[in-house]
Protein chains: 2
Amino acid sequence: MPTPLDAIRAGTTIDPHKIGNLLFDPGYREARIRIASILGNDRVFDKSLRPHLNHRQLLHLSLRIFKRLLELRDAHGWSDLEFTLACRLQGETLPTSLHDAAFVQVIASQGTKEQQAYWLPRCKRYEVVGCYAQTELAHGSNVRELETAARFDVTSGEFVISSPRLESTKWWIGGLGVMANHTVVQAVLYLPLPGNPLEYKSYGPHLFIVPVRSLETHEPLPGITVGDIGPKAYGGFGTVDNGYVQFREVRIPRENMLMRHAQVMLTGEYVRPAHDKLSYGSMVALRAGIPVNLGWSLARAVTIALRYCIHRRQFAVTPDGPEQPVITYAGVKHRLYPLLALSYAYIIAGRELWAMYQKMLEEVQRGNLESLAEMHSLSVALKVGSSTDCVRGLEEARKCMGGHGYSHMSGIGPLFANATASQTYEGLSRTPSHHNPSLPRPTILT
Amino acid sequence: MPTPLDAIRAGTTIDPHKIGNLLFDPGYREARIRIASILGNDRVFDKSLRPHLNHRQLLHLSLRIFKRLLELRDAHGWSDLEFTLACRLQGETLPTSLHDAAFVQVIASQGTKEQQAYWLPRCKRYEVVGCYAQTELAHGSNVRELETAARFDVTSGEFVISSPRLESTKWWIGGLGVMANHTVVQAVLYLPLPGNPLEYKSYGPHLFIVPVRSLETHEPLPGITVGDIGPKAYGGFGTVDNGYVQFREVRIPRENMLMRHAQVMLTGEYVRPAHDKLSYGSMVALRAGIPVNLGWSLARAVTIALRYCIHRRQFAVTPDGPEQPVITYAGVKHRLYPLLALSYAYIIAGRELWAMYQKMLEEVQRGNLESLAEMHSLSVALKVGSSTDCVRGLEEARKCMGGHGYSHMSGIGPLFANATASQTYEGLSRTPSHHNPSLPRPTILT
């Protein structure tokens, strides 16, 4: 017997395959079907168990998931693209996601050729597992006031990394809680004054690779206090080990400063980058990926809600008449249809933004910074727009399902739990304009 | 050294004690301090462990909490009011909350004197632990279409309770998942046609007390399929065992129908209630309590956010000047102050509504239905207003705290997780007005 959904599908004049061509790269759907069927046979990817786990259990699970994905990658000879697809299909944000999206990326874009040659193969083998430590307890948006210090010791040729006070603790660092053995640390570079090696001068935030856990025992290294910051609101990112770290005079070799642009010589001499925005490019990466991801998140929620509202009947319009599908109610369809359109808008715009970002990245690597300003504005605008609209849309879609939307099993709750974080990460959605309007607005979105 | 909060408190011209007199009943604050100090010494009430537990662990914990509360009640000779206060102070919604707020209430208002004399003492001793089963998988808002059947067997003088199909399964029933041994069931009453005992006629939904689990073993009774529906969105009501139940020809004595108003005689004869709205009064109870609770929920969130934003500094307004408290930013204070005002508004209006409800209940018991219509309108309006405003306000307050608001430990996430359910329970916040505007709107809020 055809379901109500079958009936509606049979009546459409739209060719779903053509829509698919708009939304997906060529070959994507075929690869997805192939990989999904592999994951579907493996109990570790069973999504029905996850809602019943606590944060610690979820972290165990996500590490097991990732290990299994690596095994499958090797067994099936997956390409990088296929592996990324498999990571996405299992449905949870993995603790390793920032290893690839931030740690590896920042070494690739800010590291010298020698640094890349040393670190990237180790990263690829997951011998070195890393994360990206920028935010501190007391400073997030105002990057210029970060307090973690990297003092250069000319005598030994090492940097000494330290957290001056409790508030300087690196906090929220994805992948650091239980998994990473290395982190890129954003720390203020201090170099001795020429002629007065006991006095230091600040050169502002720079990037350093710091080992945090033993490669043998995975125990914290000397001088390192590291751990998980605990559950996030709404159970969001429950499979990710956001962590904290404090440094007590931790010594790292000079070669661990990422020196593609700015450099510190053995003598303690500072070599300025050719252009002070050269280090900016890769920082846009995380933001440029947000709109397309939120668009897909909303698309999934709206798909769930639409299917439910086509099946669900409630209230007759004539006495003793049949109850009507909820989707026929104005108060439901006039909320869901615009959200469906919105998800298309952000997926399409987000794909375009990502393509522009890739193009800009190539240009920046060649020293051409022309498109940086436009990329900055666009990525900020689309990030704010997509996070505001999609998060609101997710709750709206959930509420269109009435009581059943409030079950974790409706699937929309977990989407909202992750998506709403986008309103406060990678730059607040609202710039805190100060009470004195004559003052310039702080550019917290850079 | 005075904290920033101390400085602000020292500068106020408002007498907090006077504000307290407005918000609390006389003696409430003293009792709260006394009871909080008792709970504070007991590890079972330690709130720091809860974020790390999964649904099953939370259910275990909340049962332990409730058991301990009963022991403390007896040890300290608490009054009902003090016990209620202790239940509130421990901070979680308990599986037993609907035992008192719905099961006991409905017996007290819909049961005969004999039924009350039989059931209420057993409820008070928690020998009988109950819940209230109205919503079904396929019907929530449209109560008139509920399918669970209560057929009267004249031969044995029993009702036969049954779930005609999967969609008739009672679903979402708070307290039923693991705890209750009884439930009040809203079921359609079927009585044999006079002169034709094989044909039955429907008399619409009525209320029946049905045992679901053995008083000895706590195992499901014959004909009963019962269990927990699993986690809710955002981890909301994680300490509550919302459950489901199916009935396969479950026989209960005629005396288990709540017969204060409508009655079924031994002969199968139906005696109409004096007034068809007589059973309505107690159904407003759950809704009438919503605005004040949401007002307090928002008040807690805004208090957290204000304190944080007074301490948190970010960005200087002059080069090299000190960073400013976030609360001084227009974009923060102009969001938080109106939310503070809103919480006062809903607490005060909600207290008034609750007082009106208590008064109406007394009048209804005396047969005076005059204030029913106004109470209905007011409770619906304030329910919709408070749930829309307070839920939005909770997320807004959380976002004013930037990244740290997204930690579960900020305390706002759990408030939102519970509060947002109010937009879809006890009547949807948006009436699904049908696409044909000439038709009357379904009165789903009754």
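How many bridges join S7(A) to strand S8 (residues 243-247) of chain A? There are five, and the two strands run antiparallel. Strands here are DSSP runs of E with at least two residues, numbered from the N terminus, and two strands pair if DSSP finds at least two bridges between them. One of the residues involved is A:Thr225, whose bridge partner in S8(A) is A:Gln246.

This is a predicted model, in which local features need pLDDT of at least 70, side-chain atom pairs count only at pLDDT 80 or more, and totals for chains, interfaces and linings use all residues. Residues are numbered from 1 along each chain as its sequence is written, chains are lettered from A and ligands numbered from 1 in the order in which they are written, and side-chain values use heavy atoms, with hydrogens and water left out.

The pairing of S7(A) with S8(A) belongs to an open, antiparallel sheet of three strands in the order S4-S8-S7. Strand S4 (170-173) and strand S7 (224-228) of chain A are its edge strands, each pairing on one side only. Neighbouring strands are turned by 15° against each other on average, direction ignored; the axes are lines fitted to C-alpha atoms, and angles run from 0 to 180 degrees between N-to-C directions.

Chain B has an open antiparallel sheet of three strands, in the order S4-S8-S7. Strand S4 (170-173) and strand S7 (224-228) of chain B each have a single partner strand, so one side of each is left without a neighbour in the sheet. S4(B) pairs with strand S8 (residues 243-247) of chain B over two bridges, and B:Ile173 stands opposite B:Gly243 in S8(B).

Elsewhere in chain A, strand S3 (residues 158-162) and S9(A) pair in the antiparallel sense over four bridges. A:Ile161 has A:Val250 as its bridge partner in S9(A). A:Val250 also lies, with A:Ile252, on the covered face of strand S9 (residues 250-253), while A:Arg251 and A:Pro253 form the uncovered one.

Now to the contact between the chains. It takes 64 residues from chain B and 64 residues from chain A, contact meaning heavy atoms within 4.5 Å. The two chains bury about 5300 Å² between them, 58% of it on carbon and sulfur atoms; buried area is the accessible area (1.4 Å probe) that two parts lose on being put together, summed over both. B:Tyr234, B:Phe315 and B:Tyr406 supply 16% of the area that chain B buries against chain A, more than any other three residues.

Conventions
Buried < 20%, exposed > 50% of the residue type's maximum accessible area, 1.4 Å probe, protein only.
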